[in-house]
Amino acid sequence: MSNDKSFDALDADSDAWTKGDSAKIYNLLEDSYTFSGLPNMAPVDKTSFKMFWVTFRSKIEDVGGPPAVSSDFMVLKNSILRELGDYVVESGNWEVRNFGRGVYMTAAKNGKILWREITMNPWEEGKKTSNSDENTGKDCIRSLHTFVKK
């Protein structure tokens, strides 16, 4: 089976996240979708996504991030895409000015987004350049624990 639809879905999803276009994101989501990884927050499912997004964008604007109506929302870079059987997984770095940055991982199957999981460092912490955590032997991306299964 070709994964072309899933690659297209991931491309469209990434474009929608960079623009902050929740309607486009929502239309790509599988019914069982979950978004997770924000500190002190339970995973968000598809039915809760629209309300989550309004609050999310408002909080980001309140801390000096892009206005909720801005189409210049998030920067995604260093993306890697991999096929795993019928699944396609994308991972990379994300950044929202004056809010935070971290790593994201997203999975798609049959042209629908199954989940998005992130790690997050607040904006101020993200600006620090320290090598102190590099050799601790600890898993520095603890929240990226989801495994894709057929």
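Helices (H or I, at least four residues) and strands (E, at least two) are DSSP runs, numbered from the N terminus. The model is predicted: local features need pLDDT of at least 70, side-chain atom pairs count only at pLDDT 80 or more, and totals for chains, interfaces and linings use all residues. Residues are numbered from 1 along each chain as its sequence is written, and side-chain values use heavy atoms, with hydrogens and water left out.

**Figure 1. The chain comprises four helices and seven strands.** Read from the N terminus, the order of elements is α-α-β-β-α-β-β-β-β-β-α. Of its 150 residues, 39% count as buried (under 20% relative accessible area; exposed is over 50% and partly exposed lies in between, with a 1.4 Å probe and protein chains only). Among contacts (heavy atoms within 4.5 Å) with a sequence separation of 6 or more, 50% join residues 24 or more positions apart.

**Figure 2. Leu38 lies in the loop between strands S1 and S2.** With a relative accessibility of 10%, Leu38 counts as buried. When neighbours within four places in sequence are set aside, the contacts of Leu38 are Phe52, Phe56, Ile118 and Met120. Phe52 and Phe56 are buried residues of helix H3.

**Figure 3. Helix H3, residues 46-62, carries a kink of about 35 degrees,.** The kink is centred on Phe52; the bend at a residue is the angle between axes fitted to the seven residues ending there and the seven starting there. The 17 residues of H3 should span 24 Å at 1.5 Å a residue, and the end C-alpha atoms, 25 Å apart, agree with this value (the expected span is 1.5 Å times one less than the number of residues). The buried positions of H3 are Lys46, Phe49, Phe52, Trp53, Phe56, Arg57 and Ile60. Helices H1 (4-19) and H2 (22-28) pack against these buried residues, as do strands S1 (29-36), S2 (44-45) and S4. After H3 comes Gly64, with a positive phi near 100 degrees.

**Figure 4. Strands S3 and S4 form a hairpin with two residues between them.** S3 covers residues 75-84 and pairs with S4 in the antiparallel sense over eight bridges; two strands pair if DSSP finds at least two bridges between them. Within this pairing, Leu76 is bridged to Trp94 of S4, and Lys77 to Asn93 of S4. Gly85, in the turn, has a positive phi of about 65 degrees. Asn78, a residue of S3, also has a positive phi, of about 60 degrees, although Asn78 is not a glycine. At 57% relative accessibility, Asn78 counts as exposed. Leu84, likewise found in S3, counts as partly exposed at 44% relative accessibility. The C-alpha atoms of Leu84 and Asn3 are 9.7 Å apart, although the two residues are separated by 81 positions in sequence.

**Figure 5. Strands S4 and S5 form a hairpin with three residues between them.** S5, residues 100-109, pairs with S4 in the antiparallel sense over 10 bridges, and Val96 has Gly100 of S5 as its bridge partner. S4 spans residues 87-96 and is mostly covered, with eight of its 10 residues buried. Asn98 occupies the loop between S4 and S5. The phi of Asn98 is positive, at about 65 degrees, although the residue is not a glycine. Asn98 is partly exposed, its relative accessible area being 30%.

**Figure 6. One cavity of 30 Å³ or more is found in the whole structure.** The search uses a 1 Å grid over the protein atoms alone, and a cavity is a set of points where a 1.4 Å probe fits but cannot get out; lining residues have an atom within 4 Å of a point. Grid points are joined across faces, edges and corners, and a volume is the space filled by probe spheres set on the points. The largest cavity holds about 60 Å³ of space. Its lining is made up of Trp17, Phe35, Leu38, Phe56, Met74, Trp94, Phe99, Tyr104, Arg116 and Ile118.

Notes
1 Å grid on protein atoms, 1.4 Å probe; cavity = no way out; pocket = protein on both sides within 12 Å on 5 of 7 lines; lining within 4 Å.
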